[in-house]
Every structure is written in structure tokens, then in C-alpha cells.
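Dear colleague,

Please find the structure below. My notes on it follow.

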Amino acid sequence: MDHEEMHDGKRQHFMHMTFFWGTKSEVLFAQWPGDSQYWMYTLALLFVFIMSFLVEWLSHTRFTKPGSRNIVAGLVQTLLYLLRVGLAYLVMLALMSFNGGVFLVAVLAHALGFFLFRSRAFSKPPNDDLPPMSC
């Protein structure tokens, strides 16, 4: 399905409002990856994968030491929270492309992050700086 159609001699852009499968998509930025080569679509999927994985990693990693000064630890936690929420919103916006590949990559990255950082497979005691994301 084409992303543009002619109306009164002008090209008009429209977005998908249902899930679709294909490499001709826009993810986060206008005309990216667009109608270009498959490697650009693959790069977009990799970008979404990394962002989703980072959200999980930031949710379950300790960056401050238990004896840190409260103000410094609070600033570090706030900056990490800002980064995590920003990445989570970018992943959400990427999902709004309604591309099935983007959806699968985001879900798989979150699942892999959970498996590596939170599941019992690598049983570590919880050591989070940030509370878990919740809806």
C-alpha cells in the first residue's frame, strides 16, 4: 500500500491506522526508513531494539552506591529516570508506526532485557535505582 496519494494535484501523506507488514514505513522520523533499501528498515528495527532493551536495563540496574550522598544519588536517579522515560516514549512513538516488525522487535527486546536483568535465570538480588515501570 502506498503512503501517498494524489488529491487535487497535490501529494497527500497518510499513516496506517492498523498493523501492517512491510518495509515501507516511517519510524520516528519523516521518511525514515521510508521506501529506501532493506538495510535502512533493518537499521530502524535495530534502533528500536536497542531503545527497548535500554529501557529494561535502566529499570533494573544500580548506578548509585548505598552510602552515596542523598543529593548526588537523587540527581543521578532523576537523570536515569529522565533517560528511561524518554526512551520509553520514543519506543511508544515507534510502535505508533503500526509496523508489525517494529512491534515484534520492541516486544522481543523488552523480553530479552527482562530475561537477562530480572528473571530467576541469573538469580541476583534486586538492586534497582528506579522503581519498575508500571501502567
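Patches, as used here, are made of residues with over 30% relative accessible area and no salt bridge, where like charges are joined within 9 Å and nonpolar side chains (Val, Leu, Ile, Met, Phe, Trp, Tyr) within 5 Å. A salt bridge is a side-chain nitrogen of Lys or Arg within 4 Å of a carboxyl oxygen of Asp or Glu. Areas are by Shrake-Rupley with a 1.4 Å probe, and for residues only the protein chains shown count as cover.

This is a predicted model: local features need pLDDT of at least 70, side-chain atom pairs count only at pLDDT 80 or more, and totals for chains, interfaces and linings use all residues. Residues are numbered from 1 along each chain as its sequence is written, and side-chain values use heavy atoms, leaving out hydrogens and water.

Trp21, Phe103, Leu104, Val107 and Leu108 make a nonpolar surface patch of about 540 Å². Leu104 belongs to helix H3 (residues 100-117); helices (H or I, at least four residues) and strands (E, at least two) are DSSP runs, numbered from the N terminus. Leu104 counts as partly exposed because its relative accessibility is 41% (buried is under 20%, exposed over 50%, partly exposed in between; 1.4 Å probe, protein chains only).

From the N terminus, the order of elements is β-β-β-β-α-α-α. Gly86 sits in helix H2 (residues 70-95) and, at 30% relative accessibility, is also partly exposed. Its C-alpha is 9.8 Å from that of Met51, 35 residues away in sequence.

Of the 135 residues in the chain, 30% are buried. The chain exposes about 9,500 Å², with 67% supplied by carbon and sulfur atoms.

Regards
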